[in-house]
Amino acid sequence: MAILLAAGAGRRLGVVDQPKAFVPIGGRPILSVAAAAAAASPAVHRLVITVPAGWEDYAQGCVEFCGAPTTIVTGGSNRQASVRAALAEVETDAEVVVIHDAARPFASPDLFTAVIEAVAGDAAGAIPVIPVADTVKRIEGGVVTDTLDRDELGLAQTPQAFAAPLLRAAHQLAIETDQAFTDDAAIMEHAGHRVRAIAGDQLNTKITTLLDLAQAEARMGGSDG
């Protein structure tokens, strides 16, 4: 089971007439590319996709031939709310759920499979992480206060996989404690669960800015898809 988050407005992308997930790259909506990649993983048998209100029918058309059964739901006011809305559509007996941002359309099917398979043993979740290449400084009031050991740091990507019952409970705890997080791994960490880090993919880039969009368009133009 995979949850695909596509309810973002795309303000940083400068898009005003449509949500970011429906902007085309290589002649296909970003959502269509991302859904096809998720569905191509043998570990993913169904997709639940969150989209902005009013775009549900359009989204269904985008993913009609993605390769897996899909359910379209209206997203929430923020990322956490969208995940909760999607979780409500996930079967109660689902053991593992993988969550992915549609804004990362180049995540490989193998990466979906890898994070799902990594949720085992003492790990309640697994996320792909790439190394930090630059020196990282802590800044306070415009002044450098510390230099962090980049060997102990990593940049988190999606897809991220979690034990479904524990993820539901962690989201409920976030509501009860009025906490907001930028990804589901942080929600699980807040609930005291162990999240395993596996090797990410430098090519699994996120489309956030116009430069990102231009680079994604170039990548699609250089492929068969």
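This is a predicted model: local features need pLDDT of at least 70, side-chain atom pairs count only at pLDDT 80 or more; totals for chains, interfaces and linings use all residues.

Biologist: Noted, thanks! How many bridges join S8 to S9, and which way do the strands run?

Modeller: Strand S8 (residues 136-140) and strand S9 (residues 143-148) are joined by 5 bridges, and they run antiparallel. Elsewhere in the pair, Lys-137 stands opposite Thr-147 in S9.

Biologist: And what do S8 and S9 form?

Modeller: They form a hairpin, with 2 residues between the strands. Gly-141 sits in that turn and has a positive phi of about 60°.

Biologist: Nice. Switching to helices: how do the axes of H3 and H5 cross?

Modeller: Helix H3 (residues 79-87) and helix H5 (residues 164-176) have axes that come within 11 Å and cross at roughly 140°. That angle makes H3 oblique to H5. The crossing of H3 past H5 is left-handed.

Biologist: Which residues make the contact?

Modeller: On the H3 side you have Gln-80, Val-83, Arg-84 and Leu-87. From H5 come Leu-167, Arg-168, His-171, Ala-174 and Ile-175. Sorted by class, the contact of H3 with H5 has 5 nonpolar, 2 polar and 2 charged residues.

Biologist: Why would residues three or four places apart in a helix point the same way?

Modeller: An α-helix has 3.6 residues a turn, so residues with that spacing point the same way.

Biologist: Got it. Which residues of H4 are buried?

Modeller: In helix H4 (residues 109-118), the buried ones are Leu-111, Phe-112, Thr-113, Val-115, Ile-116 and Ala-118.

Biologist: What covers the buried residues of H4?

Modeller: The cover includes helix H1 (30-39) and several strands: S6 (96-101), S7 (125-131), S11 (160-163) and S12 (195-199).

Biologist: What is Ala-39 in contact with, leaving aside neighbours within four places in sequence?

Modeller: Its contacts, with those neighbours left out, are Val-44, Cys-66, Gly-67 and Ala-68.

Biologist: Last one: how far apart are Ala-39 and Arg-194?

Modeller: They are 155 residues apart in sequence, and 27 Å apart in space from C-alpha to C-alpha.

Terms used. Residues are numbered from 1 along each chain as its sequence is written. Side-chain values use heavy atoms; hydrogens and water are left out. Axes are lines fitted to C-alpha atoms, for helices over the stretch in contact, and angles run from 0 to 180 degrees between N-to-C directions. Helices (H or I, at least four residues) and strands (E, at least two) are DSSP runs, numbered from the N terminus. Angles under 35 degrees count as roughly parallel, over 145 as roughly antiparallel, 65 to 115 as roughly perpendicular and the rest as oblique. A crossing is left-handed if the near helix is turned anticlockwise from the far one by less than a right angle, and right-handed if clockwise. Contact means heavy atoms within 4.5 Å. Ala, Val, Leu, Ile, Met, Phe, Trp, Tyr, Cys and Pro count as nonpolar, Asp, Glu, Lys and Arg as charged, and the others, Gly among them, as polar. Buried means under 20% relative accessible area, exposed over 50%, partly exposed in between (1.4 Å probe, protein chains only). Two strands pair if DSSP finds at least two bridges between them.
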